[in-house]
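This report describes one protein chain, going from its overall form to single residues. Please look at the sequence and the structure first.

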Amino acid sequence: MLRGWSVLLVFQLAGEVVTRLAGWPVPGPVLGMALLLVALELRAPLGDRLGEVASGLLAHLALLFVPAGVGGMLPAP
């Protein structure tokens, strides 16, 4: 499971580095996810490592929406 997390973080870091060096107005994690998609499409042996991590993230996906929901319910300043 640690290898899966490290793969995700390496691709996020790669996206951050590319966007900052190139000066693109794209968030680093978005570009990192696109790079991960390209790597998976090129049949990189990453799918086995990412399966367990992806399942864990999807199981707790509802928790990621709590801050946005609370922010939407608060009155505007």
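## Burial and basis of the model

Of the 77 residues of the protein chain, 17% count as buried, where buried means under 20% relative accessible area, exposed means over 50% and partly exposed lies in between, with a 1.4 Å probe and protein chains only.

The model is predicted, so local features need pLDDT of at least 70 and side-chain atom pairs count only at pLDDT 80 or more, while totals for chains, interfaces and linings use all residues. Residues are numbered from 1 along each chain as its sequence is written, and side-chain values use heavy atoms, with hydrogens and water left out.

## Overall form

The protein chain has four helices and zero strands, in the order α-α-α-α from the N terminus. Helices (H or I, at least four residues) and strands (E, at least two) are DSSP runs, numbered from the N terminus.

The radius of gyration of the protein chain is 16 Å, whereas a compact globule of 77 residues would have one near 11 Å. This radius is taken over C-alpha atoms, and the globule rule is 2.2 Å times the number of residues to the power 0.38. The C-alpha trace spans about 45 × 35 × 20 Å along its principal axes.

## Contacts along the chain

Contact means heavy atoms within 4.5 Å. Among contacts between residues at least 6 apart in sequence, 47% join residues at least 24 apart.

## The largest nonpolar core

Val7, Phe11, Leu36, Ala39, Leu46 and Leu50 form the largest nonpolar core. Helix H1 (2-22) and helix H2 (28-41) each supply at least two residues of this core. A nonpolar core is a set of buried Ala, Val, Leu, Ile, Met, Phe, Trp, Tyr and Cys residues joined through side-chain atoms within 4.5 Å. In soluble globular proteins, nonpolar side chains tend to be buried together.

Leu36 has its place in helix H2 and is buried, with a relative accessible area of 11%. Leaving aside neighbours within four places in sequence, Leu36 is in contact with Val7, Leu8, Phe11, Leu46 and Leu50.

## Thr19

Thr19 lies in helix H1. The relative accessible area of Thr19 is 6%, so Thr19 is buried. Not counting residues up to four places away in sequence, Thr19 touches Trp24, Val26, Pro27, Gly28 and Leu31.
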